[in-house]
Amino acid sequence: MSKPHWYVIRPTFRGDFHCALEMEAAGLERFIPTYARWTLVRHTKGRRKEIILPLLPGYLFGRLSMAGDDFSKLHRCRHFDAIVKPLNAPRPVFVDDKKIEQLRAECEAGLFDQGKRRGGDGYIAGDRIRITDGPLAGTIATFKDGKTRPGSVRVIIARMFGHDTVTRIEEAFIEAA
């Protein structure tokens with residue numbers, strides 16, 4: 001029997017999680033890279049909740065064996081569309097196990113999560129932050145970049161003075177919102 005390999009699988013439109021559940025029910029090993037994001041809950045006076053989204057929308061990974069009936073099991077999944085292969089290639093190309101394990105470790109470590117403090121590089125553009133000190137304390141803003149001056153970062157404050165305003169804040173005065 002041949003050794004199973006990881007293949008890139010394309011589910012039906014918005015069927016990432018459904019396809020992953022169907023693959024699990026069929027006894028197939030699968031991996032769907034995800035990230036967490038905080039979002040406002042409508043009509044709840046600013047309450048927020050964490051949602052899990054696919055990191056690569058429209059793709060997931062399946063560990064399949066060429067010799068077994070894994071491919072026939074996969075084709076019976078309702079939300080399965082295709083196995084991704086290079087253009088004009090006779091068969092799909094597998095992904096190296098080490099690359100999948102690296103991606104899995106990065107997802108589990110939360111490296112792709114939005115709205116949380118990251119180790120090393122700090123925040124990334126687009127992260128929601130809260131200003132904790134100074135005249136703007138309590139204001140929610142969007143992180144822009146940290147390449148202005150050592151110890152300070154640029155943030156975007158929405159609808160200040162009628163439009164979005166970019167300002168510089170001391171890095172010690174911000175936290176993940």
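**Helices, sheet and cores**

Guide: In this predicted model, helix 3 (residues 97–108) lies across strand 1, strand 2 and strand 5, at about 55° to strand 2. Helix 1 lies across strand 1, strand 2, strand 5 and strand 6, and runs at about 15° to strand 5.

Visitor: What is the order of the strands in the open sheet?

Guide: The order is 2-5-1-6, four strands with antiparallel pairing. Strand 2 (29–31) and strand 6 each have a single partner strand, so one side of each has no neighbour in the sheet. From one strand to the next, the twist averages 35°. Strand 2 pairs with strand 5 over three bridges, and Arg30 stands opposite Gly62 in strand 5.

Visitor: Which residues have the most contacts inside the largest nonpolar core?

Guide: A nonpolar core is a set of buried nonpolar residues joined through side-chain atoms within 4.5 Å. Here the largest has 14 residues, and those with the most contacts inside it are Ile9, Met23, Leu60, Leu64, Leu74, Phe80 and Ile83. Strand 1 (5–11), helix 1 (16–25), strand 5 (60–64), helix 2 (70–75) and strand 6 (80–83) each give two or more residues. Helix 1 gives the most, with three. A second, separate core of ten residues includes Tyr123, Ile131, Ala141 and Ile174.

Visitor: Is Thr142 buried or exposed?

Guide: Buried means under 20% relative accessible area. Thr142 has 18%, so Thr142 is buried. Thr142 sits in strand 8 (residues 140–149). Leaving aside neighbours within four places in sequence, Thr142 is in contact with Gly126, Asp127, Arg128, Ile129, Val155 and Ile156.

Notes: Residues numbered from 1 in each chain as written. Predicted model: local features only at pLDDT ≥ 70, side-chain atom pairs only at ≥ 80, totals over all residues. Heavy atoms only, no water. Buried < 20%, exposed > 50% of the residue type's maximum accessible area, 1.4 Å probe, protein only. Contact = heavy atoms within 4.5 Å. Pairing = 2+ DSSP bridges. Axes fitted to C-alpha atoms, helices over the stretch in contact; angles between N-to-C directions.
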